Amino acid sequence: MISDFHPAWLPVEAFRALGSRRVQVRGEGLLLDTVRTEVAAACRRFGGAPADTGLCDVSFAVSSQADLAPEEFTYARGEGVTVVRAADPAGLLHGFFHVVRQGERAFAGDFDERHAPALPIRLVSHWDNVDVHPVMGQVERGYAGGSIFWSAGRLREDLSRVRAYARLLAAGGINAVAINNVNVHEAEAQLLTDRIGEVAALAEQFRAYGIRVHLSVTFAAPIALGGLPTADPLDERVRAWWAQATQTVYARIPDFGGYVVKADSEGQPGPSAYARSHADGANLLAEALAPFGGVVHWRAFVYNHRQDWRDRSTDRARAAYDHFTPLDGRFAPNVILQVKHGPMDFQVREPVSPLLGAMPSTPVAVEVQATQEYTGQQRHVCYLGPMWSEVLRFPFARPVAGLVQGMVTVANVGDDPFWTGHPLAQANLYAAARLGWNPALDPLALLDEWIALTFPGHDPALREALRAIMDESWQAYERYTAPLGVGFMVRPGHHYGPDVDGYEYTPWGTYHFADRDGIGVDRTRATGTGFTGQYPSPWRDAYESLADCPDELLLFFHHVPYAHVLRNGATVVQHIYDTHFAGVERVEAMILRWQQVSGLVDEAVAARIAERLAEQLRSAEEWRDQVNAYFYRKSGVPDARGRRIY
């Protein structure tokens with residue numbers, strides 16, 4: 001049975017290979033103490049021994065090697081000894097968890113490797129509220145229960161689970177965490193001042209695993225907390241207030257990471273109220289943080305959420321690029337522009353945001369969403385590693401991973417015993433962490449890695465079944481939900497389940513324009529919103545061309561007749577019918593595969609996965625029936641295969 005919480009990808013058995021050997025740890029400091037504690041626990045359990053001197057099977061050492069960058073480590077084996085070296089304690093901690101991931105492979109053969117993070121910023125962003133919000137709950141877009149940080153409006157007294165969470169994140173390569181919602185409400189605003197002690201207590205837990213704490217702050221803090229009449233970023237009183245507030249934060253938390261800001265977005269206050277630019281606003285906070293080495297994560301999720309649905313020239317997809325590209329080069333060096341991976345809002349299929357390739361003089365981080373807001377809300381199996389890998393590899397002048405400074409992952413954990421509600425959704429957080437460290441990793445190899453760590457020593461049939469269930473689960477979800485890149489066919493508000501016209505006539509700007517003749521959004525330069533022009537060559541022309549646009553994004557860029565023929569030979573409307581039936585069939589196959597192996601895992605794990613798969617099937621059938629009925633009624637075109645459509 002599951003006790004307080006599931007061990008996720010760090011079950012006791014994962015430490016067997018290391019813990020059964022003689023292990024030496026050399027170096028001083030908090031993170032070295034963490035490694036020693038981990039080693040001692042593993043050795044006690046599996047019969048090995050910490051070896052301060054003499055012969056050993058594995059050695060971890062902080063070295064003064066000048067050619068090793070921060071967080072980098074070497075990993076080598078020769079003459080029967082595995083050796084991990086790093087120039088700093090953080091690198092050694094990463095090296096320790098690398099050995100754990102390798103298991104027995106760490107002690108076989110000879111090798112000499114070097115490992116360094118490709119992205120220096122690897123941040124997990126929590127959308128947790130201190131108080132339970134009347135609409136969004138305690139964790140906005142959270143699908144795994146309440147906050148692991150706060151309960152009943154107060155910091156939890158027992159922070160042992162936070163320490164365990166820090167351990168899980170560090171094991172994947174995460175080095176930063178933002179602990180509260182980017183929509184900063186009244187209670188959360190006070191974390192910057194009156195409640196900074198709570199942030200300090202959380203920072204202590206994360207510090208032991210090399211993770212720096214960040215805080216989401218409201219741009220209006222000088223008014224809300226400081227009693228000033230203005231938050232104008234060019235006002236000297238405002239600058240002085242932020243400088244003093246930031247100094248106080250660092251007095252309590254010397255390794256504080258910095259601020260996360262959602263400004264001028266969906267009702268959040270920002271510099272536009274004072275006729276100032278986003279660069280003015282971000283640089284105000286950057287100036288306050290700079291003396292302490294802190295950074296500002298300034299979110300680029302800025303668009304008009306009160307637009308007129310009748311106006312087809314207004315395009316939400318254009319907004320981030322239009323707002324921020326004129327400001328390239330005007331941001332302070334310690335401002336990180338945080339850009340969602342697609343131009344809309346974490347849909348199951350979007351093109352890569354053109355803004356990621358259009359800010360050469362500004363540090364940029366790509367933001368992805370592990371919490372499955374539009375991808376099944378952790379009630380559906382939807383492994384997102386392949387989606388994120390496609391984004392990170394997308395070739396602008398260079399791949400996105402070579403253009404950005406960091407990867408920010410919107411968290412998917414809560415106080416549920418399984419962390420993410422659905423035990424298989426844990427794989428998304430793990431994959432995001434590992435891809436942030438090395439974007440070149442194969443997402444399916446990461447899936448295998450996660451399965452091997454989470455279910456070590458289990459029957460190979462279980463591993464094969466889990467891979468079969470989770471591989472291409474993203475594409476399966478896409479099949480029974482929104483077709484060909486159109487997106488947003490969800491119930492407004494909670495965003496769960498189908499509502500084809502749910503956003504069609506709202507101010508949020510997420511339209512599909514389906515009528516009796518066709519469907520899709522014309523974003524071409526020739527006849528549409530001109531969004532294709534935000535891309536560099538060759539993408540601007542590929543997306544512009546009806547012949548060259550990838551089918552999976554067809555309706556994102558073009559309005560086409562239902563009879564338009566796709567590359568697979570099917571018409572658009574027949575493709576909609578076929579994929580929605582096929583998506584349900586795939587979920588049925590998932591359930592059958594799980595039933596064959598569920599007896600190989602803990603009873604509580606088996607029951608939770610079975611319950612979630614049953615809900616996934618119910619929801620997939622509802623998606624299939626509603627979407628197919630909608631387009632049959634719009635188009636009048638029957639299913640060529642004669643299947644039942646309502």
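Predicted model: local features only at pLDDT ≥ 70, side-chain atom pairs only at ≥ 80, totals over all residues.
Helix H16 covers residues 473-480 and helix H19 covers residues 572-597, and the two pack at an angle of about 135 degrees, their axes lying 7 Å apart. H16 and H19 are therefore oblique to each other. As for handedness, H16 and H19 cross in a left-handed way.

Helix H11, made of residues 385-393, packs with helix H13, made of residues 426-437, at an angle of about 20 degrees, and 9 Å separates their axes. Because angles under 35 degrees count as roughly parallel, H11 is roughly parallel to H13. The crossing in which H11 passes H13 is right-handed.

On the H11 side of this contact stand Gly 385, Trp 388, Ser 389 and Leu 392, while H13 brings Asn 428, Ala 431, Ala 432 and Leu 435. The contact of H11 with H13 divides into five nonpolar and three polar residues, with no charged ones. Leu 392 of H11 and Leu 435 of H13 are among the residues that meet here.

The structure contains 11 cavities of 30 Å³ or more, and the largest cavity holds about 140 Å³ of space. This largest cavity is lined by 18 residues, of which Ala 300, Phe 301, Ala 320, Gly 342 and Pro 343 are the closest to its centre.

Which elements give two or more residues to the lining of the largest cavity? They are helix H10, residues 319-324, and strand E16, residues 335-340. H10 makes the biggest contribution to the lining of the largest cavity, giving three residues. By class, the lining of the largest cavity consists of 13 nonpolar, three polar and two charged residues.

Terms used: Residues numbered from 1 in each chain as written. Heavy atoms only, no water. Axes fitted to C-alpha atoms, helices over the stretch in contact; angles between N-to-C directions. Helix = DSSP H or I, 4+ residues; strand = E, 2+ residues; numbered from the N terminus. Parallel < 35°, antiparallel > 145°, perpendicular 65-115°, else oblique. Left-handed = near helix turned anticlockwise from the far one by under 90°. 1 Å grid on protein atoms, 1.4 Å probe; cavity = no way out; pocket = protein on both sides within 12 Å on 5 of 7 lines; lining within 4 Å. Points joined across faces, edges and corners; volume = space filled by probe spheres on them. Nonpolar A, V, L, I, M, F, W, Y, C, P; charged D, E, K, R; others polar. Contact = heavy atoms within 4.5 Å.
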